[in-house]
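Work through the exercises below with the sequence and the model side by side. Try each task before reading its solution.

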Amino acid sequence: MESRIAGLRDWMGRHNVDAAYITSPVSIAYITGFHAEPMERLMALAVRRDRVTLVVPALEEQKAAHLGDETEVVAWHDGQDPYLFVREALAGAANLGVEKQHLSIAAAEMLTAHAGAVEMVDVGPALSRLRLIKTDGEIEKLERAAAITDAVTDEVIGRLRPGQTERVVAVMLAAAIGELGGTLSFDSLVQSGPNSAIPHMRPTSRTLEAGDFVLLDFGAAFDGYRADTTRMAVVGEPSERHQSIHRLVLEAHDAAIEAVRAGATAGLIDAAARHVIDAAGFGDRFIHRVGHGLGLEAHEDPSLDPGSTTVLEAGMVFTIEPGVYIPGFGGVRIEDDLVVEPGGCRVLTRADRSLRVIEAD
């Protein structure tokens, strides 16, 4: 916490900001280690040059007690005006650092009217930069999340049967993650047959049938840090078409991972995968970037977009997940999590990447 507060205060000094007013629960968790989802209630962290104040709903006060002397915890009760506490925490601060992507216009107007804010400077990019390079402690938590995810992959794929619905399989994934001490990183995607060609299709009541691709995109979280993986299966013996598409995507996946190292650009990694798929004549069926960052959020920086000039640095953690999607037939995506190292990378998710066969009745 001390180093993160120090980094924030350094930014405040360079931007002539009197206080940082942090409202994203993820950012608050990153800075303080306090995790909470206040829903519609106000929660905010006020960082001044000489003190730190966390304003929380009374529902969260007991959970925040562990923060100790470094952070003053102020709780407000339903029926009270939380901006009275915000005004006290920000007293005399005319220039504020705020997260413009998170702070609503209504909340900004309240800061102006009730807390005396005159100017608001976006601290969001600075916080994103602080979060971009993971510490050893953060990587250990991501490793734990990946290990749980791998174990669940092997368990649940081994229990897949024709006739199960996508929604039933999604429940199986969630239960297995909980049994191993994790929580859901995000709502799992379970897609069968033609549904697997729609990358973000939510689980439906469709049943797994012979000849279906089955795509599982899910992850476990450990102490707030999130894994994200995708593995493929097929119901019954795979056809040559099933096998060839899976081989192609796996080749693109491996080419991208081989290209990862500190100093390479994010666009270069995308291009390594995209070249393989383009050469096979499926370039128009690879319809998304090759990967995204991981940490306290399932999607965060860096974004591995085509043509991105973002330079990779040791300690960045992100996914590699090329895909090919054929409408009416199905799609294949193979996804792993990795951490960048000076001479390459280390893959965190290690479950079997082969096209797994679900025995048909």
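A crossing of two helices is left-handed if the near helix is turned anticlockwise from the far one by less than a right angle, and right-handed if clockwise. Helices (H or I, at least four residues) and strands (E, at least two) are DSSP runs, numbered from the N terminus. The model is predicted, so local features need pLDDT of at least 70 and side-chain atom pairs count only at pLDDT 80 or more, while totals for chains, interfaces and linings use all residues. Residues are numbered from 1 along each chain as its sequence is written, and side-chain values use heavy atoms, with hydrogens and water left out.

**Exercise 1.** Describe how helix 7 and helix 8 cross.

*Solution.* 
Step 1. Two packed helices are described by the angle between their axes and the distance between the axes. Axes are lines fitted to C-alpha atoms, for helices over the stretch in contact, and angles run from 0 to 180 degrees between N-to-C directions.
Step 2. The axes of helix 7 (residues 136-158) and helix 8 (residues 166-179) come within 9 Å and cross at roughly 135 degrees.
Step 3. Helix 7 is therefore oblique to helix 8; angles under 35 degrees count as roughly parallel, over 145 as roughly antiparallel, 65 to 115 as roughly perpendicular and the rest as oblique.
Step 4. The crossing of helix 7 and helix 8 is right-handed.
Step 5. Helix 7 makes the contact (heavy atoms within 4.5 Å) with I148, V152, E155 and V156, and helix 8 with residues including V169, M172 and L173.

**Exercise 2.** Is T319 buried or exposed?

*Solution.* 
Step 1. T319 lies in strand 15.
Step 2. Its relative accessibility is 0%, so T319 counts as buried.
Step 3. Leaving out residues up to four places away in sequence, T319 touches several residues, among them D228, V290 and D337.

Key: Buried means under 20% relative accessible area, exposed over 50%, partly exposed in between (1.4 Å probe, protein chains only).
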